[in-house]
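The stops below go from one selection to the next.

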Amino acid sequence: MSRIGKKPIDLPGGVSATVSGQTIEVKGPKGVRSFTATDDVDLRIEENAVSVMPRGKSKRARQQWGMSRTQVANLVQGVTTGFKKELEINGVGYRAAVQGKVLKLSLGYSHDVDFEIPEGVTVTASKPTELTVEGSDQQLVGQVAANIREWRKPEPYKGKGIKYKDEFIFRKEGKKK
């Protein structure tokens, strides 16, 4: 039995959920999100909580049970608190600035990098060397943060580049005489 799947997902105040067929739609203060589950699981709303149950005893039904429950829990978290990724920029002259829907990155190239911020995600630069990516969709927030980091990954000798705030960069020793 799935330890994750059998836990019901509580709906906090201000959050409502509706199930139509295999699609669940969750509305909250940060927007509306939906998820379509496979036919192997059954979605139910009971007493201000969403429960996910498998329809059979097959291996696929058990796999989808825990995954579907986690997806619905992420929907609820996304419309209540949202998701956040923090990035740090290390390096001499490396900086970032947000101008409207464009993130301007100076990363040591001969030109500035203009990164288009997609819909549904907000990017803020509290300092020129710190970025915060926020949104209600966990996958989109992580993908945007990874795309920004891709422009200049941290290198192991000096640690220059864009890294996640909680990331550890394994340092290497330079060459010896």
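Begin with Glu-86, which counts as partly exposed because its relative accessibility is 32% (buried means under 20% relative accessible area, exposed over 50%, partly exposed in between, with a 1.4 Å probe and protein chains only). A salt bridge here is a side-chain nitrogen of Lys or Arg within 4 Å of a carboxyl oxygen of Asp or Glu.

A note on the basis: this is a predicted model, in which local features need pLDDT of at least 70 and side-chain atom pairs count only at pLDDT 80 or more, while totals for chains, interfaces and linings use all residues. Residues are numbered from 1 along each chain as its sequence is written, and side-chain values use heavy atoms, with hydrogens and water left out.

How many salt bridges does the structure hold? There are twelve.

Select Arg-149 and Glu-167 next. Their salt bridge has its closest N and O atoms 2.7 Å apart. This pair links distant parts of the chain, 18 residues apart: Arg-149 lies in helix H2 (residues 138–150), and Glu-167 in the segment after strand E13 (161–164). Helices (H or I, at least four residues) and strands (E, at least two) are DSSP runs, numbered from the N terminus. Is Arg-149 buried or exposed? Arg-149 is buried, at a relative accessible area of 16%, whereas Glu-167 is partly exposed at 22%.

Arg-44 counts as partly exposed, with 36% relative accessibility.

Switch to a cartoon view for the sheet. Three strands make an open, antiparallel sheet in the order E2-E3-E4 (two strands pair if DSSP finds at least two bridges between them). Strands E2 (16–20) and E4 (31–36) stand at the edges; each has a single partner strand, so one side of each lacks a neighbour in the sheet. On average, neighbouring strands are turned by 15 degrees against each other, direction ignored. Angles run from 0 to 180 degrees between N-to-C directions, and axes are lines fitted to C-alpha atoms, for helices over the stretch in contact.

Select E3 (residues 23–28), which pairs with E4 in the antiparallel sense over six bridges. Lys-27 has Val-32 in E4 as its bridge partner.

Finish with helix H1 (residues 59–80), which packs on the sheet and touches E3 and E4 (contact means heavy atoms within 4.5 Å). The direction of H1 makes about 175 degrees with that of E4.
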